[in-house]
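Today I am looking at how two chains meet. My notes follow below.

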Protein chains: 2
Amino acid sequence: MEAVRIGLCGVGTVGQAVFAVLERNASEITRRAGRGIDVSVVGMRHDRDDFDPAPVRVERDVLAVARDPDVDILVELIGGVTTARELVLTAIAEGKHVVTANKALIAEYGNEIFAAAHEHGVNVAFEAAVAGGIPLIKALREGLAANRINWLAGIINGTSNYVLSEMRVADREFADVLAEAQRLGYAEADPTFDVDGIDAAHKLTILASIAFGVPLQFAAAYTEGIGHITREDIAYADELGYRIKPLALTRRTEQGIELRVHPTLVPARQLLANVDGVMNAVLVHSDTVGPTLFYGPGAGGGPTASSVVADLLDVVRGITAHPNQRVPHLAFQPDALSDVPFLPMSEVSSAYYLRIFAQDRPGVLARVATLLSEQKISIEALIQKEQAIREIDEEAWVPIIILTHRVKEAHMERALHAIESLDETRGRVMRIRVESLDAGL
Amino acid sequence: MEAVRIGLCGVGTVGQAVFAVLERNASEITRRAGRGIDVSVVGMRHDRDDFDPAPVRVERDVLAVARDPDVDILVELIGGVTTARELVLTAIAEGKHVVTANKALIAEYGNEIFAAAHEHGVNVAFEAAVAGGIPLIKALREGLAANRINWLAGIINGTSNYVLSEMRVADREFADVLAEAQRLGYAEADPTFDVDGIDAAHKLTILASIAFGVPLQFAAAYTEGIGHITREDIAYADELGYRIKPLALTRRTEQGIELRVHPTLVPARQLLANVDGVMNAVLVHSDTVGPTLFYGPGAGGGPTASSVVADLLDVVRGITAHPNQRVPHLAFQPDALSDVPFLPMSEVSSAYYLRIFAQDRPGVLARVATLLSEQKISIEALIQKEQAIREIDEEAWVPIIILTHRVKEAHMERALHAIESLDETRGRVMRIRVESLDAGL
């Protein structure tokens, strides 16, 4: 059979890695696919010192690649959403299949893109958009297709995880570790997307749609970054038997779907608590199989290229299949997506870690406990950190650390407002959610 | 689209679970597949107290199910290899697709079965044959298809893992724990296949073919059971920072492919050392993505049914595809399998744990060390267990525990023969292999 012809747009780290693996593993790939995969044209806006695709033809205008008659599959690796969206929609309109690693594009414009793909009978594959080299989308869409999926939770942003891991191991503050991560190339020059949870929310949005069969709704995702986590919190969590991890979680409840990314206390003995640095892991809980877990590198050229090229093989195999017989983009047939609502965060229940800065005098603890109990919040553990006592305006102040049982966020907000209004407390209460994701690991 | 019609042969635990999940999750499955999956006939040789498929039609002769014109896909869950082989080959000859959970059948007769399937243009799916509910075959065949896979290692027999876990936790002997596991239903009445490593070797044989693109060669698998492991060994391993796990490992080397199942010391901090009970986990090391790990329940009705039904969806989706465009049975196109040889165990290198029962007198240790060094075996750690001293024939005997560096098995065999021939040692040397499967977990 003739080789399939690829148009490769974007030759940064990932694009170069895709180019390299198609060459290095050409024989293994052809033995698997039954036909070769050739790059027929590379879209790159300007020359680069670190990459020369010769003898492969170069196009300066990436949109020309989407219209190139020598291209069967367009690989979009330019990033961003504006040009990328135009590029992908152009390729689809030209009847070309698309492979992309662009999580923002899929999370924000996926519904439009998949509708266009459906109309033109082409396939848009995006395994590399979530959890780098872990074949997680394949596992959810196909491997667990017999299951009603209940929830999934994971660490899907390597930068945040690296920063929190380093803060704990080296006992350093957020800003310090982030600056170093930027120097070392583990964090972007503009790390906002990573440390504010946007990147993880893009990925989680995609996972939720595939798990539950609902349209992509990035706007419904609650995100909270890790920038406010202090090394004290990390140390107190340790003391209580927890690690603070940048968790992404989506869960089906009777009221609606939870979709949230926030720093979370996870029991220290659990596997997810022990996933460090740039590794990703996602735990999936389904009705038929029970718990399954998928672990691997969540970013980087090689791992991302691994998923891009796996998608290329899938697309190549599906070319002769009837479009209705292909694996649906969002796991469920487009006309079978459901309109289950997403829950606002105020309706979500969670256990909480609280750090309250309060006067060290009789009655303060009782007052805090009363305000919590008025909102039906029960306390699981409480430590008053006498060794962290501080003198301010001739008054002794001390951090009080509380672990609560599960309660609806709206109740917690009311309790925190009341606690912060006390004369005997100072500043905002630090509040970090706690999840016990037990699955035998 | 019309529903696909299934003939379900075998209604033990797994068959009943498949029947149940097709009913319970019918709506989710149809929303994913775009068409229903109906059981049109059940093959069961005799009535059962625990299961009545009515109103679905029953056939007493399972071979009649393979010839039934109302069956599009035959699901083989009768187990064993004799009738199962005849059943599967009959269905294939009738132009029907097959889904099976039968690891022995695939490992021992897979080459013949896949050749017949290729000839008749049908698909034989077997995700449930390895690692229960973990979509591992899909991950290897499709998710990692861009990679050259270097090695994989895992815990793929729940019974052995349960027994070794219990021996450690409860400090009990093998026979004790096994008898209890049989009473509790965690082990078969005849546990030989599980505790002797045969079951794991069947699964590993399948994984090795898929990972490396070679024909199935069950006869090339080295298997060693766990029956000789004592609680002393488990305790000494603990002391040295290791757990003894029933490991299945296959690795590509320049000389050939290693294919082996044996109890193994694994560093206690690693994830694989902490997979307990009936859970399975497999670590895969590939050139492009690096390490990935897949974890989940390795047996049981629900998990196995999850994989059987996922296979049904895959087969349904592939029905309209050209057979050459389907995912090849052994991951690589049938005409592209390679003849890389499997390594005999004597050529395999490993580190070792040795327990030698020796006289407690000067010079004995030196003699043992000399015999090891004559075979170029270097010692990483050594403990003489003085608290385990025993008086026999007015002579004091003591266990000596040695961890060695990596050495070819043939050299170790020669050294052990020499050590066992010494007057100052008694009985066979206990020898357990050690693997440090580092992958950041």
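I began with the helix pair: α6(A) and α6(B) are oblique to each other, because angles under 35 degrees count as roughly parallel, over 145 as roughly antiparallel, 65 to 115 as roughly perpendicular and the rest as oblique. Both helices span residues 136-143, and they pack at about 125 degrees with axes 10 Å apart. Axes here are lines fitted to C-alpha atoms, for helices over the stretch in contact, with angles running from 0 to 180 degrees between N-to-C directions. Helices (H or I, at least four residues) and strands (E, at least two) are DSSP runs, numbered from the N terminus.

I must remember that this is a predicted model, where local features need pLDDT of at least 70, side-chain atom pairs count only at pLDDT 80 or more, and totals for chains, interfaces and linings use all residues. Residues are numbered from 1 along each chain as written, while chains are lettered from A and ligands numbered from 1 in the order written.

Next I looked up the whole interface: chain A and chain B each give 54 residues to the contact (C-beta atoms, placed from the backbone, within 7 Å). On the side of chain A, the elements giving two or more residues are α2 (26-33), α6, β12 (290-297) and α12 (301-318). I found that α12(A) brings the largest share, 9 residues.

Last, I checked the strands. β12(A) and β12(B) pair in the antiparallel sense over 3 bridges (pairing needs at least two DSSP bridges). There I see A:Y295 opposite B:L293.

How values were computed
Two residues are in contact if their C-beta atoms, placed from the backbone, lie within 7 Å.
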